[in-house]
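Q: Can you take me through this structure? I'd like to start with the core and then move on to the metal site and some helices.

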Amino acid sequence: MDVVSENNFCFALPKIELHAHLNGSLSDKILRILGCREEDVQDYQCASVDQRNLDDTFKKFGIAHKATYCPEAVYIATKNVIEEFSQENVIYLELRTTPRYEVGMSSETYVESVVRGIQDTKNHMMVKLILSLNRQHSIEKCQNHLDLILKMRSKYPDIIQGIDLSGNPIHGSFNELKYLFEKARKAGLSTTIHCGEIENSEEIKEVLAFKPDRLGHACYIHPNYNGCEKNWYQLKELKIPTEICLSSNVITGTCDYENHHVQEWIKDDLPFSLNTDDKGVFKTSLTQEFQYAMKFLNLSSSELWRISMNAIEHSFANSEEKSFLKSKLVDWKNKNLHFFTK
Ligand code: IMP
Ligand code: ZN
């Protein structure tokens, strides 16, 4: 396939996004709709690979949080992010966000506004919500957020499917918050944990022992990427699907596109999906991430189609929803066989 056909394929392929943070996914267009100042719009995006700094990336979220300061802005942001994913043929989206309060907006109203945004874009595609705990928050605050998450889950059981641990990995610890994830799991929520974004084999070991349903990033697990043999062996045994975010890892300085840790997943045939993480901050799209996978990982159209298919299986959708999505993907392939001939 030539580059134009490859790009057309990556755009047209029905895609599955499992790792997208709401306030990291605001495009410049959405920020402008929200009335963001032009200098903030420019500052928010750290698309340059020269940035290469995790700490700087975390400062960018403050800009988005300023723009989504009230229920209406949260609602508009949610709707627009969903619409943008839909426009690039994402057929299933798991959006994640951290409950947040501002003057005039409680954490509960915040979550309600996101849910309302999801409900009002139902026609575009299937969307589920994952609520995040931030490892930088105090244990007490995380406990309060978990109470809210469980309340919201009972109110919106078809939408709220999972819980995530995110936030700047240099702060906090999974072990201190583990009991909250155990509670969430008991209440029926699926779990995904940002894991190994920095070198920390001890914490990675604790996360793997918890056996979450999915892992985010997993940059420093394999021994070739400053991880350790034992953790990699454990992951190979458990086969926990990993949410891979190529541009996010490259821009925050953990690796290059040409030498990304996902190569080890490919070699050992371990499950993974391709995701954007923060498409606004990293100025990317899921289409572009698939293009990078073709270019830098040498994956073929059949292999990328298979990644979409596998991601449906890794998703937190129910079995009926998974069957529906799988049949959509099969139908699409049957109608687009020209992309699959060499
Ligand atoms: P929000 O949860 O919708 O407000 O999205 C922004 C938040 O997601 C940030 O404040 C972080 O807590 C979290 N986040 C976004 N990207 C990353 C990442 O790469 N690693 C860890 N946490 C992240
Ligand atoms: Zn993330």
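A: Setting aside neighbours within four places in sequence, L304 contacts F9, C10, L13, L274, F290, A293, M294 and L299. Keep in mind that this is a predicted model.

Q: How many residues are in the largest nonpolar core, and which have the most contacts inside it?

A: The largest nonpolar core has 101 residues, and I160 and L304 have the most contacts inside it.

Q: Changing topic. What coordinates the zinc ion (ligand 2)?

A: The donors are H19 (NE2), H21 (NE2), H194 (NE2) and D277 (OD), at 2.1 to 2.2 Å.

Q: What are the angles like at that site?

A: The site of the zinc ion (ligand 2) is irregular, with angles of 83 to 170 degrees among its 4 donor atoms.

Q: And what spacing do the donors follow along the chain?

A: For the zinc ion (ligand 2) the spacing is H-x1-H-x172-H-x82-D. H21 is in strand β1 (residues 15–21) and D277 is in the loop between β8 (272–274) and α13 (286–297), so this pair ties together parts 256 residues apart in sequence.

Q: H21, buried or exposed? And D277, buried or exposed?

A: H21 has a relative accessible area of 14%, so it counts as buried, the cut-off being under 20%. D277 is buried too, at 4%.

Q: On to the helices. What's the span of α7?

A: The end C-alpha atoms of α7 are 24 Å apart. That agrees with expectation, because 17 residues at 1.5 Å a residue should span 24 Å.

Q: Which residues of α7 are buried?

A: C142, Q143, H145, L146, L148, I149, M152 and R153. The buried residues of α7 pack against α6 (107–119), β3, β4 and α8.

Q: How many residues does α8 have, and how far does it reach?

A: Helix α8 (residues 174–186) has 13 residues and reaches 18 Å from first C-alpha to last, close to the expected 18 Å.

Q: Where is the kink in α8 centred?

A: On L180, with a kink of about 25 degrees.

Q: Which α8 residues are buried?

A: F174, L177, L180, F181 and A184. In an α-helix, residues three or four places apart point the same way, because there are 3.6 residues a turn.

Q: What covers the buried residues of α8?

A: The cover includes β3 (126–134), α7 (139–155), β4 (160–166), β5 (190–195) and α9 (201–210).

Notes:
Residues numbered from 1 in each chain as written. Chains lettered and ligands numbered in written order. Predicted model: local features only at pLDDT ≥ 70, side-chain atom pairs only at ≥ 80, totals over all residues. Heavy atoms only, no water. Helix = DSSP H or I, 4+ residues; strand = E, 2+ residues; numbered from the N terminus. Expected span 1.5 Å × (residues − 1). Bend = angle between axes of the 7 residues up to and from the residue. Buried < 20%, exposed > 50% of the residue type's maximum accessible area, 1.4 Å probe, protein only. Contact = heavy atoms within 4.5 Å. Donors = N, O, S within 2.8 Å, 3.2 Å for Na, K, Ca; no water. Tetrahedral: all angles 85-135°; square planar, octahedral: opposite > 155°, others 65-115°. Core = buried A, V, L, I, M, F, W, Y, C linked by side-chain atoms within 4.5 Å.
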